[in-house]
Amino acid sequence: MAKAPTRSKRHPRVIRALPALKRAIADFRARRCKIALVPTMGALHAGHLALVLAAQRRADRVIVSIFVNPTQFAPHEDLKTYPQTFAADIAALAALKADLVWAPSVATMYPAGFATRIVPEGPATAGLEDAFRPHFFAGVATVVAKLLIQCEPDIAMFGEKDFQQLKVVIQLARDLDLKTRIVGAPIVREADGLALSSRNRYLSPAERAKAPALHRVLGECAAAIAAGKPIAAVLDQGRKAITGAGFALDYLEARHAGTLAPIASPKAGPIRLLVAARLGTTRLIDNVAV
C-alpha cells in the first residue's frame, strides 16, 4: 500500500452526484490509495465513529455513506421519524478527518424506472430478523450492493450489533464476486451495557433505565451455556427474564455463529446468542458470543 497524502483537517468533502463520486474515486486510485467504505444511515453515534476509526487503520482513504434507505422500512416502521442529524454527522466526521461523505438522494439511488431488487437467502432466511421484518434484507442487500458498486471500496466496515445483517452482507459480497472485503467490528456499548443505536434516542427516561437488562440477560445466558447448562433451558429462563423486565420479546435464540443455523449443543460449533425486543415503541437488538 503506497503512502498516501496526509488527511485534510477540513470538513470531509460531501458528494451527492454519481459523476462526482466516480471522479473522486478515480483520484484516490490514481494516488494508489486503499479505500474503505463505512455505510450508515446517519444519526451517527460512537459506534459509527468506531467503524470510521477502524477503517482508517486499514485504508488510506475512508468514504462514509449517509443514506436513509427507504426500501428496508415497512409501511408501519419509522422511516418518516428516523433521526436525521446531517450537520452534526458532518462535524463528527470532520473531527475524525474522514475523507469523503457520499450522501445521495433517494432519486439518485432509485431513479425513475428502477426495477431491480436483490433477494438474499442463506443467512437472510434464518428465522431471526427476517421472521419479523420480511422486507428488510432485500432492501439491505439491494442498497449495500449499490453502495459497493458505486464506491468501489477495497474493504467495507459493518458493526456486529446487526449480526445477521453482517452475515447477509458477507454472503452477498461472496456470491456476487465483489472485490470488497467485508469486515465486522465489535459492538460499542454504553457504560451500562446497552448497545449503541441511533434508535436509542427514542427511549423515554424510564425505558432507558430498563434497557440495559437486555444485555445483562444475554450475558447471564451466555455464562450459563458456557458452564454446561442445557441451551433450551437457559433460553427459556432468559425469555422469562426479558419479558419480566418489561420487554415485549420478539426472539431470543442460540445460533451457530458462522451459519446462523439453530444449535442445540456447544459441541456443534461456536454459539451466538441473538435477541430482539421492544420497550414501548422502540425495538432493540443485541447479541453476544458464548
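1. H6 and H7. Helices H6 (residues 136-151) and H7 (residues 163-175) are oblique to each other, because they pack at an angle of about 50°. Their axes lie 10 Å apart. Helices (H or I, at least four residues) and strands (E, at least two) are DSSP runs, numbered from the N terminus. Axes are lines fitted to C-alpha atoms, for helices over the stretch in contact, and angles run from 0 to 180 degrees between N-to-C directions. Angles under 35 degrees count as roughly parallel, over 145 as roughly antiparallel, 65 to 115 as roughly perpendicular and the rest as oblique.

2. Basis. This is a predicted model, in which local features need pLDDT of at least 70, side-chain atom pairs count only at pLDDT 80 or more, and totals for chains, interfaces and linings use all residues. Residues are numbered from 1 along each chain as its sequence is written, and side-chain values use heavy atoms, with hydrogens and water left out.

3. The H6/H7 contact. H6 supplies Phe136, Phe137, Val140, Ala141, Val144 and Ala145, while H7 supplies Gln164, Gln165, Val168, Val169 and Leu172. Contact means heavy atoms within 4.5 Å. The contact of H6 with H7 has nine nonpolar, two polar and no charged residues. Ala, Val, Leu, Ile, Met, Phe, Trp, Tyr, Cys and Pro count as nonpolar, Asp, Glu, Lys and Arg as charged, and the others, Gly among them, as polar.

4. H1 and H6. H6 also meets helix H1 (residues 18-30): the axes come within 9 Å and cross at roughly 55°. H1 and H6 are therefore oblique to each other. Leu18, Leu21, Lys22 and Ile25 of H1 touch Ile149, Gln150 and Cys151 of H6.

5. Arg16. Arg16 sits in the loop between strand E1 (13-15) and H1. Thr108 is 92 residues away from Arg16 in sequence, yet 8.3 Å away in space, C-alpha to C-alpha. Beyond neighbours within four places in sequence, Arg16 is in contact with Phe86, Trp102, Ala103, Pro104 and Thr108.

6. H9 and H10. The axes of helix H9 (residues 213-226) and helix H10 (residues 231-244) come within 10 Å and cross at roughly 165°. The pair is therefore roughly antiparallel. H9 passes H10 in a right-handed crossing. On the H9 side are Leu214, Val217, Cys221, Ala224 and Ile225; they meet Ile231, Val234, Gly238, Ala241 and Ile242 in H10. Nine residues of the contact of H9 with H10 are nonpolar, one is polar and none is charged.

7. Cavity. The structure holds one cavity of 30 Å³ or more (a set of points on a 1 Å grid over the protein atoms alone where a 1.4 Å probe fits but cannot get out; lining residues have an atom within 4 Å of a point). The largest cavity has about 50 Å³ of space. Grid points are joined across faces, edges and corners, and a volume is the space filled by probe spheres set on the points. Lys161, Leu194, Ala195, Ser197, Asn200, Leu214, Leu284, Ile285 and Asp286 line the largest cavity. Strand E9 (residues 282-289) gives the largest share of that lining, three residues.

Conventions:
Left-handed = near helix turned anticlockwise from the far one by under 90°. 1 Å grid on protein atoms, 1.4 Å probe; cavity = no way out; pocket = protein on both sides within 12 Å on 5 of 7 lines; lining within 4 Å.
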